[in-house]
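This report covers strand pairing and nonpolar cores. Please look over the sequence and the structure before reading on.

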Amino acid sequence: MALLRVTAALLLVCAARLGAQTKASEAQVKAVFLFNFAQFVDWPPEAIPDSQAPLIIGILGGDPFGDFLDATVRGEHRGARPFVVHRYQRVEDITRCDILFISRSAGDRPEEILSRLKNRPILTVSDADGFAERGGMIRFVTDRSRIRLQINPEAAEAAHLTISSKLLRVAEVITPTGR
Amino acid sequence: MADMKTVAAATSLVFTLGLVCSVPPGFAQQPDSAAQRPDSSLSPQALKKLSIEQLMNLQVTSVSKRPERLSQTASAIQVITQEDIRRSGASSLAEALRLATNLQVAQVDSRQWAISARGFNSTTANKLLVLIDGRTVYTPLFSGVFWDVQEVPLADIDRIEVISGPGATLWGANAVNGVLNVITKDVKDTQGLLLSGGGGTEQRGFGTVRYGAVLGSRARARLYGRGFGRDATTLPNGQDAADDWHLWQGGFRMDWDAATVNRVTLQGDLYDGRIGQPNAGDVAVSGGNVMAKWSHTVSDEPNLAGQLYYDRTHRDIPGTFGEDLDTYDVDLQHRARVGTRHEVVWGLGYRLINDRVVNSSALAFLPAHVARQWFSGFVQDEMTLVPNRLQVALGTKIEHNDYTGFEIQPSGRVNWRLSPSRTLWAAVSRALRTPSRIDRELFARVSPTSFLAGGPGFHSEEELAYELGYRHQQRSLAISVATFYSRYHGLRSVEQLNPPAADTLVIGNGQDGESYGAELTADYRVTDRWRLRAGYAELRVHVWPNPGSTDRSGGASESHTPDRQFFLNSSVDLRADLRFDAGLRAIDDITNQQVPAYAELNATLTWQPTSNLDLSLVGQNLLHRRHVEFGAPGATRREIERGVYGAVAWRF
């Protein structure tokens, strides 16, 4: 129920026109996207130690969000799971993580990072060029001052993550193997 | 004595011959759809309240900041988005325009529409400027639009910006009462294969194939082909009006990001269509266009842009009229920041038309073949008087045309932001409707013994417009009000020769007029899955003869406009994969055509079983078996029938 309420509150399309009228910083909007992704992804049961285990959003490499991501998730829950932000310098440091933002400063070779995470139930997100084509799950594309999403559902499936059709519908679906 | 009747007959003859023209030059501009304010930084709490779609629509600042386009926000602008179009079930561009509540949209027959803003509507409405990706869709015959050859594939449209009120300073002559900007999607947003099709009772059958692909690392291209057949409308006695309509169309677009700051776009379309006529051979229409655009971007915004296009259109109305029109157009625009408070936009344009008509004994344009050219330039200074609070834009267009020489169309606009959620704007503009061929070169037989002729001295119709508007946006509710008062001088009239000659009537500038009214819109997100939009417009148009004029029509041939319109649209996501949309419109009567007031309802149910498949069922004009929207009373006035169709769209 708490989950439903949180979801409803989050999705409440209240400030319909706020969006049209106001500019926000790119990093801030991306931080809110990361938080929102938790509502649109289902993790496999084995990825969740218990119903109150924290839902961890990790940042690999330099943190572009400052404390905005922390402020965004403060006091928020998905169901009974509180959100927590962790920062990692190296892939090896990543123990349990649910959503991982791979910063550009983590290097321009996402394949290496992704291969080390291979098939772990972690939603991988980045704004690196070609991230979704190269095996990442969600890429932020900044296009004429707006942020679009590219999603590679095959990569998510391989990690046993289920991405809601509601999110897929607004994103550009990337299928690397189909080309 | 016979004058009223003859004039009415003359004008109705001319205006029902199936000509539909629009307006002149304009610059190819792709303004941003939404007003942006760079200053306010949003809290996490505010951002978290937005849906994913809203987050994606949020303008973000990354590199540079720029002020909003004052010309856009200090005017009555409405934006129809791709989602609005898709959810409405609209099957043609004209139908989609019903979503803009600041337009008057009336279906005349299977393929003809009367579309205008702020009155003066007719099948040859001449005060609305229509642009498709910056290409002016305009016939020099009567400064209007032939809507039956503007069938942009709806799935390719990114958005339609609808500005009611003058836009002449930036867009040029004939943007007297409105500007309509159809902007198609970037190629990168149409990658992959789209197959769609369907059919029903009025939309007999339609299908579209579109394919978008990557060409190398910096270029992408798409191709499309489509075709449709529309059922005929109905005559008042219930008989089929035999005006069924078939069109084939294909086209391409290529976007090439030559460098991070340079972008080149090439696009074009070809079409071929036939429309039935009850007592003559089919009307044949065909044509195409090709366009090249280039833009150079510095600091996040195109600040130098050029475009070049060629458009060709052919129309044959057997027994009545034929036309071959070639249009060549080139435009250039530059935008620069001067100091901290000024942003100056200026542009230059040139257009050449080559128009050859095939005359008949009923209708002629003399000379049959003309070449005409237009030169234009504009400059506008957008000044920030108080940062983030008060902005003023002053500008003018200077244009030279072959009929009236130099014409000047200045405007001043003020945008005053009362608070982050409330904006007040005002504008004063002078706009002109420059002469078209019908005004000067027409020769039409009105009765066996009388003629209507163009006036060799016909000059531009002038408008002075005063506008005041207010916008309020708070949480889930956005409302806007635009009010206006316009004075017109030298509106088109039909004059008897002096001394009155019973057999010849001449077009003149013998009428003056005024219009005033208000346009209200409200957009309310009731819940995250239910959106309501309402629009209401009050409009009055009065036209009277000048001293010396013999035209006593009171503008009855210039404006056919309902006094009020009301719209209510509801969009509900019943489930994640099921959407239901309904749109109600209530349109007051058109007094001078004796078109009764009517209300109609459209409804669309869309099921999306998988993310790449849409199945929809659409009902159009559901409340009545048939109804009239436009046209002089009589045995040939067309009635629009209820329609139902099903459609499938598959993307992969």
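The text below goes through chain A, its sheet, a part of chain B and the cores.

The model is predicted: local features need pLDDT of at least 70, side-chain atom pairs count only at pLDDT 80 or more, and totals for chains, interfaces and linings use all residues. Residues are numbered from 1 along each chain as its sequence is written, while chains are lettered from A and ligands numbered from 1 in the order in which they are written.

**Chain A**

Chain A holds seven helices and 11 strands; helices (H or I, at least four residues) and strands (E, at least two) are DSSP runs, numbered from the N terminus. Of its 179 residues, 44% are buried, a term for residues with 20 or more other C-beta atoms within 10 Å of their own, the C-beta atoms being placed from the backbone. Among contacts in chain A with a separation of 6 or more, 63% join residues 24 or more positions apart; a contact here needs C-beta atoms, placed from the backbone, within 7 Å.

Eight strands of chain A form an open sheet in the order E4-E5-E3-E6-E7-E8-E9-E11, with mixed pairing. Its edge strands, E4 (77-78) and E11 (172-173), each pair on one side only. Two strands count as paired if DSSP finds at least two bridges between them. Five of the six residues of E3(A) are buried. Gly58(A) has His86(A) in E5(A) as a bridge partner and stands opposite Leu100(A) in E6(A). Ile57(A) is bridged to Ile99(A) in E6(A).

**Strand pairs in both chains**

| Strand pair | Sense | Bridges |
|---|---|---|
| E3(A) and E5(A) | parallel | six bridges |
| E3(A) and E6(A) | parallel | four bridges |
| E18(B) and E23(B) | antiparallel | three bridges |
| E23(B) and E24(B) | antiparallel | four bridges |

In chain B, Leu363(B) has Ala444(B) of E23(B) as its bridge partner. A hairpin of two residues joins E23(B) to E24(B), and Ser447(B) is bridged to Ser450(B) in E24(B).

**Cores**

A nonpolar core is a set of buried Ala, Val, Leu, Ile, Met, Phe, Trp, Tyr and Cys residues joined through C-beta atoms within 7 Å. The largest has 87 residues, and Leu97(B), Ile115(B), Leu180(B) and Val182(B) have the most contacts inside it. Not counting residues up to four places away in sequence, Ile115(B) touches residues including Ala94(B), Leu97(B), Leu103(B) and Trp147(B). A second, separate core of 52 residues includes Ala128(A), Leu149(A), Ala156(A) and Leu58(B).

Notes:
Buried ≥ 20, exposed ≤ 12 C-beta atoms within 10 Å, placed from the backbone. Contact = placed C-beta atoms within 7 Å.
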